[in-house]
Amino acid sequence: MKILGIETSCDETAAAVYDNEEGLQSNILYSQIAAHEKFGGVVPELASRLHIAHITSIVEQALQAAQTSLADITAIAVTTGPGLPGSLLVGLCFAKGLAYTQSCHLIGINHIEGHIFSTHIEHEIPFPYLCLVASGGHTSLFLVHGYGAYQLLCETSDDAAGEAFDKVAKLIGLTYPGGPRIEQLAQEGEFRDYRLYPRLKNKTLSFSFSGLKTAVLYDLIKTGAYDLSTKTILTNDHQLRVEVASSLLVAIGDIFLDRITLACTEHQVQAITFVGGVACNKYLRNLLSSFAVSQGYYFATPSPSLCTDNAAMIAFVGNYKAKQGLFADLSLDICAQKSR
Ligand code: KG4
Ligand code: ZN
């Protein structure tokens, strides 16, 4: 059984083939980052148009790299949400067209479920486990019981962690996406907490990152480095950027660790996983890994190319849904909003 996965929920046009026996056979991606960079973030209309322009070639490349053809595909798994409506529609309509003309099955996949199970492509993880999903759109903790069986423990009430990296990066004059640039600067600052931004630490499981971004903003205004009326950074002080980036990363690491520690006291788990674009961050990977190992939990995080948006995770989820017989018909629709 071979599954073709298609992912177009945001600014990556991606396709992959997953074989039930052989595992991942191809994983192809066209990143739109360069096109959106000059606007400081993803422009939805531009994203949809770029998906339309690239999807045919990306799917062809995925089939070719897997040395297979549409005739050998058992089912097409496609992201139906959450994400940008226009972008999701491009992937879904393309998948429906293929499924109809090839007479193969269609499977709708939740993007977050894709991220949660992305770790399984490369690792065997004992259930139940705790999964921290941290990306540009989501920051949530899940208790994962089995394939397709997972329970939301908490999610951010405002910005996602990746969004905090992106917004602070913009404040200090760095380009989109901010996460990798913040990581580079933080490394220069040796991951020290120079500016002591306050962390909201509740006694209940929850996430909130917009206050952290505001704390950075007021810190910059106070030091005379930022003009709120024109929304511009007024300094070229590299050391200040290093200090802000390093302090932000340390604060986000603290918040992650605090929430995971609390979740581990409330739930019996065997492992901890860390997924989503923010999980590319080596400092955060090491921090969570050290905690997990010190507490006797198995720890896993995907390779960076499987942390950021990709179709391999969609094809992987499609594979177990196909085994469970969870097929959709051609009335399948997008569900752009986050499900709660
Ligand atoms: O999972 P993803 O590709 O897309 C969403 O579903 O949102 O995640 C993108 C997010 C961006 O906010 C980006 O800044 C962040 O992941 N990110 C990072 C790093 N690499 C990407 N954040 C921190 N450190 C990184 N190295
Ligand atoms: Zn994502």
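How are α8 and α9 oriented to each other? They are roughly parallel, as point 5 sets out.

1. Basis. This is a predicted model, in which local features need pLDDT of at least 70, side-chain atom pairs count only at pLDDT 80 or more, and totals for chains, interfaces and linings use all residues. Residues are numbered from 1 along each chain as its sequence is written, chains are lettered from A and ligands numbered from 1 in the order in which they are written, and side-chain values use heavy atoms, with hydrogens and water left out.

2. The sheet. An open sheet of 5 strands has the order β3-β2-β1-β4-β5, with mixed pairing. Its edge strands, β3 (23-31) and β5 (105-110), each pair on one side only. On average, neighbouring strands are turned by 20° against each other, direction ignored. Strands pair if DSSP finds at least two bridges between them; helices (H or I, at least four residues) and strands (E, at least two) are DSSP runs, numbered from the N terminus. Strands β1 (residues 2-7) and β4 (residues 75-81) run parallel and are joined by 4 bridges. Leu-4 stands opposite Ile-76 in β4.

3. Helix α3 on the sheet. Helix α3 (residues 85-102) lies across β1, β4 and β5, at about 160° to β4. Axes are lines fitted to C-alpha atoms, for helices over the stretch in contact, and angles run from 0 to 180 degrees between N-to-C directions.

4. Helices α2 and α3. The axes of α2 (residues 44-65) and α3 come within 8 Å and cross at roughly 30°. The two helices are therefore roughly parallel (angles under 35 degrees). Their contact (heavy atoms within 4.5 Å) includes His-51 and Ile-55 of α2 and Val-90 and Phe-94 of α3. By class, this contact has 7 nonpolar, 6 polar and no charged residues. Ala, Val, Leu, Ile, Met, Phe, Trp, Tyr, Cys and Pro count as nonpolar, Asp, Glu, Lys and Arg as charged, and the others, Gly among them, as polar.

5. Helices α8 and α9. Helix α8 (residues 238-266) packs against helix α9 (residues 282-294) at an angle of about 30°, with the axes 10 Å apart. α8 and α9 are therefore roughly parallel to each other. Among the residues that meet are Ile-252, Phe-256 and Ile-260 in α8, and Leu-284, Leu-288 and Phe-291 in α9. The contact divides into 12 nonpolar, 2 polar and no charged residues.

6. Helix α5. The buried residues (under 20% relative accessible area, 1.4 Å probe, protein chains only) of α5 (residues 161-171) include Phe-165, Val-168 and Leu-171. Gly-173, which follows α5, has a positive phi near 80°.

How values were computed:
Buried < 20%, exposed > 50% of the residue type's maximum accessible area, 1.4 Å probe, protein only. Parallel < 35°, antiparallel > 145°, perpendicular 65-115°, else oblique.
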